[in-house]
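Here is a look around one protein model, written for someone who has not seen it before. Keep the structure open while you read.

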Amino acid sequence: MMKRFRDKKGFTVIEVLFVTALSVMVIGAILSAWIFTSRAWMSEAQQTGMRMNMMQALETMKHDVRLSSLTYMVFYPSGASPYTAVSMPAAETDNNGFYSLNANGNIDWDKTIIYHLYSEGGGTATLRRTVLYNRDNTLTDEERYTQLAGVVTTGAGTGSYSTDTGFLPNVNTFEISSVSPVVDFYDASATPVRAGKVVFGWAKLDSGDHTIRFEVTGKNDLSGGYDIGIDNIMIEPAGASREFEYYDSSYAPMGSITVAAGSANLVTDGAWSNNNYLELSAGGVGSYVEIQDYYDLLRESAFDNASLDNTETTGDRVRIALDIPQEDEEGDITWYAYAEAGDSQQEGRNGAMPGGVTPPVAIRTVVFRDSIDEKADLIRVKFKSGSSDALNIHSAYITKRDGSFGSDGQANRNTSGLDVEEFHRHQQLFFKDDTGSPVPDVSIPADSEVWSVWTAYPLRTDSDYFISMNIQDAGSTTTKYWEGTSGVTRTYYLPGSSYSTMAGVPDWSGESPSTDKNIYITTNIDTWDSSGSVESHIFDTSLSTPIYNQVKWSEDSPTGTEITLKARSDSDEYMAGATDWESVTGSTSNPGGLSIGTGRYVQFLAELASDPYWEVSSTEKTYEEYVDDQVDNYAVTDFPAVSGTPYVTGVYSVWIDDVEIDWPGRERICNVTGYIARKNNYGQAKIIVDGEELVKILSVHVATEDEVQGRTISAENYIEVQPRNTGK
């Protein structure tokens with residue numbers, strides 16, 4: 001018997017077809033979504049990879065640029081930026097992380113790194129990084145540019161080199177340009193603050209005159225004005241510090257400073273080099289101060305590292321002048337009584353007058369030549385009293401000894417045909433009274449000392465001298481003395497009223513003075529020389545064989561003074577092979593030509609000299625006139641005077657500033673730096689050289705582009721980087 005299962009169910013064909021169609025749709029949707037997502041992911045991954053490659057390439061480039069020097073960089077193509085290739089120096093460090101230095105103390109650049117675009121077969125360009133080993137540092141900028149152009153053209157270097165052909169592919173933009181630096185002169189301080197050394201930027205300069213402009217561009221929001229202050233600028237590697245205030249002085253060349261929409265003012269303060277800086281009182285944006293000057297030169301205005309000999313800085317401009325002693329200012333003490341006598345008690349001993357005599361007495365002390373440390377043209381003498389009695393000196397004199405023994409001195413003689421040290425042999429010493437007037441006599445209280453005033457007198461180391469005095473006060477029975485050894489006469493004396501004026505008589509040949517081994521009353525001789533010098537620091541021109549042109553200076557050289565400028569050069573940075581200054585012929589002409597060789601290093605020596613003169617009231621006599629007047633019209637004990645007032649010594653002031661030595665240099669990239677003033681009402685400015693803004697920061701613009709599964713993807717980036725290596 002057949003059984004029937006009527007309750008069993010299944011799928012119809014239609015149902016199967018429907019399910020199949022639905023499954024296909026779902027799977028298709030999922031597959032479509034997966035394909036879309038996959039493509040998007042692949043595109044994004046490709047773009048991310050492109051960005052990562054760009055970041056890696058730019059980081060490498062930033063590292064290379066930072067450690068390189070803009071001074072030696074070369075850009076392609078020639079002309080204005082933006083550029084599409086750059087050649088830069090690089091150096092390897094040693095195991096300690098230091099660069100190797102050459103003989104001149106500069107970094108020994110040993111390879112060249114070049115970034116450049118190259119397209120093979122006309123396809124998409126690739127940014128390449130080519131490294132040239134065994135760098136030739138003697139190449140000129142023109143030769144370096146030719147080398148760079150060859151790499152750009154061929155895509156590879158020559159000699160020993162390596163090229164990363166895939167450094168950054170698919171590059172459609174690679175541009176290098178400079179970012180103009182703006183210097184902010186603002187500071188919250190109400191008084192000017194010195195700031196530096198500020199790196200203004202770089203410029204390519206050739207030999208000759210150039211204009212440097214500081215132009216106001218705006219101000220900090222906190223600033224109350226647009227003024228700017230400039231202390232100095234330096235153009236490196238050649239050229240010394242340029243004090244900006246020099247260009248607004250009467251000693252600067254005509255037309256060396258230009259001011260627009262404002263005025264230039266000198267601000268004086270001891271915090272600044274040369275004690276001052278130049279302030280531009282600006283009318284607003286666009287106001288500027290501009291200087292014009294020769295590029296390759298040494299100008300010394302601040303004398304920061306100069307060696308001074310009997311000279312000093314003076315005035316707001318820090319000029320170098322003879323160090324002329326004023327009033328009680330000490331010079332160089334050349335003679336000491338205790339040293340002459342060999343007495344261990346430097347302050348002296350208290351005792352009776354020589355021979356135990358009482359005044360009046362004329363005392364003459366010997367100053368032996370062997371005890372005179374150095375020659376002098378001005379002198380003053382210190383006299384000292386004993387501890388119990390005042391000392392009254394009626395008159396005192398200095399006299400050249402006649403020979404090397406005896407009490408005889410030499411009188412002055414007519415100056416015709418004679419040198420100063422030959423005709424001036426006898427001179428009275430003067431003192432100052434309570435009103436400051438010169439007087440021949442002085443009263444020294446007990447246990448005190450007094451200096452005579454500075455007096456023109458040629459003290460030399462080849463003669464003995466006498467310091468003589470008349471003492472007429474009988475109350476001066478004790479005095480100060482320095483004990484000498486027996487057998488040596490150090491003091492002659494003539495007691496009694498008949499000898500009350502004998503100190504002023506040079507020749508004691510007709511007398512028979514008593515002698516003493518000790519030195520009395522006279523304790524020191526202070527001296528000053530009428531010549532001095534200033535020796536500059538050794539300056540590096542950075543050129544192997546510069547040709548020096550001339551030397552010139554600003555100066556005050558009145559009648560009776562002289563300035564002699566000497567210069568020398570050497571290939572050694574310490575002037576080891578330079579000519580001794582004594583053998584260098586100086587120039588008194590301003591400007592003066594130079595014949596000092598072609599050494600890389602240069603130095604100058606300025607010699608300043610001044611003749612003393614004599615004056616009273618408005619009357620003035622030269623050295624020779626004064627002595628001739630004394631010889632012709634006065635007794636040996638008297639000296640020229642007007643209405644009883646004696647002449648006193650004066651010295652003509654002579655100073656020097658802004659010494660300049662120039663030479664023609666060569667074209668090169670120069671670093672412009674300097675010191676500025678910042679203040680709460682100062683603005684901002686940019687620096688323009690010869691109409692072109694300075695370069696300080698390199699801006700690099702890179703863009704890449706590629707096709708991925710029918711889509712164009714791209715990446716773009718900008719970096720700004722400052723080369724920080726000066727090469728020194």
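Val-193 touches Asp-187, Trp-272, Ile-676, Ala-677 and Arg-678, leaving aside residues up to four places away in sequence; touching, or contact, means heavy atoms within 4.5 Å. This is a predicted model, where local features need pLDDT of at least 70, side-chain atom pairs count only at pLDDT 80 or more, and totals for chains, interfaces and linings use all residues. Residues are numbered from 1 along each chain as its sequence is written, and side-chain values use heavy atoms, with hydrogens and water left out.

Val-193 lies in strand E7. Helices (H or I, at least four residues) and strands (E, at least two) are DSSP runs, numbered from the N terminus. Val-193 is partly exposed, at 31% relative accessible area. On this scale buried means under 20%, exposed over 50%, and partly exposed in between, using a 1.4 Å probe and protein chains only. Its C-alpha sits 6.4 Å from that of Lys-679, although Val-193 and Lys-679 are 486 residues apart along the chain.

Leaving out residues up to four places away in sequence, Asp-187 touches Val-193, Arg-678, Lys-679 and Asn-680. Asp-187 and Asn-680 are 493 residues apart in sequence, yet their C-alpha atoms are 5.0 Å apart.

Now for the open spaces. Picture a 1 Å grid over the protein atoms alone: a cavity is a set of points where a 1.4 Å probe fits but cannot get out, while a pocket is an open set with protein on both sides within 12 Å along at least five of seven lines, and lining residues have an atom within 4 Å of a point. Points are joined across faces, edges and corners, and a volume is the space filled by probe spheres set on them.

The second largest pocket has a volume of about 890 Å³. Its lining has 33 residues, with Gly-79, Tyr-83, Lys-204, Ile-669 and Val-695 lying nearest the centre. At least two lining residues come from each of strand E1 (74-76), helix H2 (141-154), strand E5 (161-179), strand E7 (193-205) and strand E50 (692-693). The lining divides into 18 nonpolar, seven polar and eight charged residues. Here Ala, Val, Leu, Ile, Met, Phe, Trp, Tyr, Cys and Pro count as nonpolar, Asp, Glu, Lys and Arg as charged, and the others, Gly among them, as polar.

E14 gives the most, with four residues. Sorted by kind, the lining has seven nonpolar, two polar and two charged residues.

Back to H2, one of the elements lining the pocket. Which residues of H2 are buried? They are Arg-144, Leu-148, Ala-149, Val-151 and Val-152. They cover an arc of only 160° around the axis, which puts them on the same side of H2; the arc is that of the directions from the helix axis to the C-beta atoms. On the other side of H2, Thr-146 and Thr-153 are exposed. The cover over the buried residues includes E1, strand E2 (85-90), strand E3 (111-118) and strand E4 (125-133). Just after H2, Gly-155 takes a positive phi of about 80°.

Helix H5 (residues 623-633) has buried residues too: Tyr-623, Tyr-626, Val-627, Asp-628, Asp-629 and Gln-630. They pack against partners including helix H4 (420-423) and strand E24 (426-429).

| Peptide bond | Omega |
|---|---|
| Tyr-76 to Pro-77 | near -5° |
| Gly-196 to Lys-197 | near 5° |

Pro-77 is found in the loop between E1 and E2, whereas Lys-197 is found in strand E7. Asp-447, in the loop between strand E27 (442-444) and strand E28 (449-451), has a positive phi near 55° and counts as exposed at 51% relative accessibility. Asp-690 also has a positive phi, of about 50°, without being a glycine. It lies in the loop between strand E49 (684-689) and E50 and is partly exposed, at 39% relative accessible area.
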